[in-house]
Amino acid sequence: VLFRTLQCGSVVGRTWPGGLHLSPPWERLTLYETRAMTSDLEFSLLTKDGLELQINISVRYRPVVEMLGTLHQNVGPDYFKRVVSPDIESDLRRTVGDRTAYELYSTEGDILQSARASALEQLGKQNIELQELLLKKIVLPSIVREAIEEKHRQEQKVHEYEFRLQTEDKEAARKRIEAVGIRDFENIVGTIAPDVLR
């Protein structure tokens, strides 16, 4: 992006591709990386039930090339620190703040989908393209993690117990059918004379 000191400031409608470009010494060219970039962010967030958790995400982003002049004029080259990181942190705080620790533990992917939709809109207004939010890690307090894992273990025991009951019901039905068969056999055999049976 070219900054013209003696004229209008940042040139908004045009960008210069890589290579050799001549410009007067009083004008400055600011270089921007226009390929997709990835940065890691780590936040400490509070859930709906007031528990603190650590979340580690990876952000893939790039500036909109056609709008680099506007981005340079409004934000500057350190747009990741000024816009991308705060917007994503704000969206994650809002998303995580609306859920309990258990909901976050059981539906980790939904967190990012919700935060991504909101961040896409906000960053799009700043001429930054958010390509992906990737969840790397969520660290819950150990007592919460243990309680959630215990709850999962208890749920599995309930499912196991229900399965045993179903198995026993089927076995009881099988034995009833077998008993009816034996009774019918004995009724039929009981009506036949012993000499005939011999």
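**Exercise 1. Determine which residues touch the most other members of the largest nonpolar core, and which elements supply it.**

Solution. A nonpolar core is a set of buried Ala, Val, Leu, Ile, Met, Phe, Trp, Tyr and Cys residues joined through side-chain atoms within 4.5 Å, where buried means under 20% relative accessible area with a 1.4 Å probe and protein chains only. The model is predicted, so that local features need pLDDT of at least 70 and side-chain atom pairs count only at pLDDT 80 or more, while totals for chains, interfaces and linings use all residues. Residues are numbered from 1 along each chain as its sequence is written, and side-chain values use heavy atoms, without hydrogens and water.

Among the 34 residues of the core, Ile-57, Val-59, Tyr-79, Ile-88 and Leu-92 touch the most other members. Helices (H or I, at least four residues) and strands (E, at least two) are DSSP runs numbered from the N terminus; those giving two or more residues include β4 (37-46), β5 (52-63) and β6 (128-139), and α2 gives the most, with seven.

**Exercise 2. Describe the sheet and the helix α2 that packs on it.**

Solution. Begin with the strand order, which is β4-β5-β6 in an open, antiparallel sheet of three strands; strands pair if DSSP finds at least two bridges between them. The edge strands β4 and β6 each pair on one side only. Next, β5 and β6 pair over 10 bridges, and Arg-62 has Glu-129 in β6 as its bridge partner. Finally, α2 touches β4, β5 and β6, contact meaning heavy atoms within 4.5 Å.

Technical notes. Buried means under 20% relative accessible area, exposed over 50%, partly exposed in between (1.4 Å probe, protein chains only). Axes are lines fitted to C-alpha atoms, for helices over the stretch in contact, and angles run from 0 to 180 degrees between N-to-C directions.
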